[in-house]
Amino acid sequence: MTPALLPAADTPTINEAATAFMLVAASMVLLMTPGLALFYGGMTRAKSVLNMIMMSFGALGVVGVIYILWGYSMSFGNLQDGGSDLAGIIANPFHLFGLSGIFEDGATRLIDPFGVKVFIPESIYVGFQLTFAVITVALISGAVADRVKFSTWLVFAGIWATVVYFPIAHMVWGGGLLSGSENGLSAKLFGATDGVANVLPIDFAGGTVVHINAGIAGLVLALVVGKRLGFGTTAMRPQNVPIVMLGAGLLWFGWFGFNAGSELAADGLASTVWLNTTAATCAAMLGWLLVEKIRDGHATSIGAASGVVAGLVAITPACGALSPVGSLILGAVAGGLAALAVGLKYRLGYDDSLDVVGVHLVAGLWGTVGAGLLSTSTGLFYGGGPRQLVVQVVIAVASLLVSGILTLVIGLALKATMGWRVSEDVESDGIDQSEHGESAYELSGFAGGRFGTGSAVSTHSARPAKTTEGASA
Amino acid sequence: MKLVTAIIKPHQLDEVKEALESYGISGMTVSEASGYGRQRGHSEVYRGAEYQVDFVPKVRLEVLVDDMDAGSVADVILKAAQTGRIGDGKIWTVPVDDVIRVRTGEHGTDAL
């Protein structure tokens with residue numbers, strides 16, 4: 001649903017049901033990033049699981065901070081009075097810099113982004129949007145697992161969010177180029193009535209902004225960074241399949257906040273969205289397993305977890321526009337398509353380590369375009385004609401191009417300056433020890449060694465007097 | 001004295017241990033091991049990519065025995081570990097020069 005650019009008219013009154021709902025929804029979306037960390041972490045090799053998890057947590061830190069400083073202002077600073085918009089691409093990053101502007105008389109402003117007289121505090125709207133920015137960046141990390149300097153990743157996270165995510169979020173949800181505003185691409189194609197495009201682009205919760213965006217960024221980054229040592233020749237088995245399943249479960253749970261929360265109100269549509277989200281996800285899991293059973297002979301656990309995520313991705317843009325049966329169809333196709341797409345990297349020779357492309361890009365494209373087929377009001381299969389489908393293809397391709405080109409520029413710039421790769425020795429020994437000074441598992445108890453030469457340990461007090469002083473020098 | 005070493009299937013361990021106990025063996029050492037023989041490994045598929053797993057999980061069981069018990073102990077292990085299917089493992093016996101019980105310092109058969 002595209003927010004209308006309405007200032008808060010009349011005398012706004014807080015909608016407490018919607019506010020309570022948004023507090024819960026934002027918290028659930030936040031939990032998706034640690035869930036993603038487990039989903040990805042379980043699929044890496046044991047020597048690099050901590051680095052994989054830290055890429056997600058690092059995104060939480062960096063993107064969370066810059067979202068407060070300028071992210072919200074760049075994406076949505078134009079929604080309330082006084083904010084300006086630059087050519088439908090970004091809002092003014094300085095208008096609400098540091099967010100002091102969302103407080104009036106010491107209290108948060110109320111905001112009604114859809115212009116439907118459901119007012120919620122702007123603070124929780126910021127919080128909700130912050131969690132989306134974080135997980136979108138974290139999603140990309142799966143494409144470059146096991147081989148990237150942590151410092152370069154953190155810098156990338158900040159630059160990519162600023163240069164790619166905030167503008168695309170503004171374009172789609174902040175009344176910019178890919179929205180249904182009269183200045184958007186859809187209005188230019190099919191005209192507008194009373195300042196609103198005749199054909200409203202469908203991206204309910206982020207098929208373009210989150211999944212196509214992160215998916216194409218993952219592909220570009222995998223190409224810029226290059227393959228892992230031994231890609232395609234040595235076995236890189238997932239180190240812990242149960243935590244992959246746990247991660248998928250947390251993602252599914254959090255995704256209700258993501259999709260239903262995007263309604264910004266605890267109402268009938270939010271409830272339908274919950275149901276459609278589940279319908280598509282269940283069908284996608286079966287779709288993936290069916291492809292696996294036919295192609296590989298077994299229905300696998302990682303296949304089930306991946307099918308779940310593919311279904312959630314596909315239904316994300318479409319969840320507000322489909323019927324439950326339409327959602328089943330969209331999901332089943334998404335699961336099957338993604339299961340076929342994960343093999344592409346071996347044929348085409350790019351090392352998208354954890355299948356960000358196969359899962360997020362392919363299912364995200366399908367969900368966005370599929371909404372043009374299956375929307376009950378405007379979809380091609382429901383007699384709505386081809387115009388919705390055209391608009392859906394346009395916003396999908398526009399996101400692909402914007403994100404793909406800008407990610408390429410950022411990726412190459414970082415390659416030329418900080419460098420992306422850890423050394424080959426570090427990569428083959430395991431990135432956890434060199435980048436983080438830790439190892440994920442200590443199962444034997446045989447590691448040997450003894451406590452205490454680190455800076456946090458006082459060499460005079462923490463150790464028994466009998467310990468040889470000379471040994472630590 | 002002899003050291004009897006057996007590489008067996010992990011799920012046969014309990015049966016072997018009980019058989020050794022009823023024969024009268026009072027101690028043994030067990031460790032996790034990986035390997036392959038004629039059985040070879042197996043393949044696993046993750047997201048469509050097939051991996052050949054060459055080393056399959058096994059248990060290594062070691063028992064120190066008096067010379068005259070060595071043959072019977074190997075037999076006891078053989079009977080308990082055998083399933084008749086491929087991958088049942090191997091048993092071998094080697095001579096041992098000396099054995100020392102750490103607690104008391106006893107040597108030789110006294111330390112068994």
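Leaving aside neighbours within four places in sequence, with which residues is Ala338(A) in contact? The views below take up this residue and several others in a predicted model, in which local features need pLDDT of at least 70, side-chain atom pairs count only at pLDDT 80 or more, and totals for chains, interfaces and linings use all residues. Residues are numbered from 1 along each chain as its sequence is written, while chains are lettered from A and ligands numbered from 1 in the order in which they are written.

**View 1. Surroundings of Ala338(A) and the nonpolar cores.** Ala338(A) is in contact with Trp288(A), Ser306(A), Ala310(A), Gly358(A), Val359(A), Val362(A) and Ala363(A), its neighbours within four places in sequence being left aside; contact requires C-beta atoms, placed from the backbone, to lie within 7 Å. Val63(A), Val137(A), Ala334(A) and Ala338(A) touch the most other members of the largest nonpolar core, which has 158 residues. Helix α2 (residues 49-76) of chain A gives the largest share of this core, 16 residues. Another core, of 15 residues, lies apart from it and includes Val16(B), Leu64(B), Val65(B) and Ile77(B). A nonpolar core is a set of buried Ala, Val, Leu, Ile, Met, Phe, Trp, Tyr and Cys residues joined through C-beta atoms within 7 Å. A residue is buried if 20 or more other C-beta atoms, placed from the backbone, lie within 10 Å of its own, exposed if 12 or fewer do, and partly exposed in between.

View 2. Helix α3 (residues 122-140) of chain A has 19 residues and reaches 28 Å from its first C-alpha to its last, close to the 27 Å expected at 1.5 Å a residue; the expected span is 1.5 Å times one less than the number of residues. Because 18 of its 19 residues are buried, α3(A) is largely enclosed by the rest of the structure. α8(A), with 29 residues, reaches 42 Å between its first and last C-alpha, close to the expected 42 Å, and is followed by Gly297(A), whose phi is positive, near 95°. Helices (H or I, at least four residues) and strands (E, at least two) are DSSP runs, numbered from the N terminus.

**View 3. Ala265(A) in a loop of chain A.** Ala265(A) is found in the loop between α7 (241-261) and α8 (268-296), and is buried, with 20 other C-beta atoms within 10 Å. Not counting residues up to four places away in sequence, Ala265(A) touches Ala18(A), Phe21(A), Val118(A) and Ala270(A).

View 4. UniProt, in an unreviewed entry, places the feature "modified residue: O-UMP-tyrosine" at Tyr51(B); its positions are given in the numbering used here, feature names are shortened, and annotations may be inferred rather than shown by experiment. Tyr51(B) is in strand β4 (residues 49-53) of chain B and counts as partly exposed, with 16 C-beta neighbours inside 10 Å. Residues up to four places away in sequence not being counted, Tyr51(B) touches Ala235(A), Arg237(A), Ser43(B), Glu44(B) and Tyr46(B). The contact between the chains takes eight residues from chain B and 14 residues from chain A, and β3 (42-46) and β4 of chain B each supply at least two residues of the side of chain B that touches chain A.

How values were computed
Contact = placed C-beta atoms within 7 Å.
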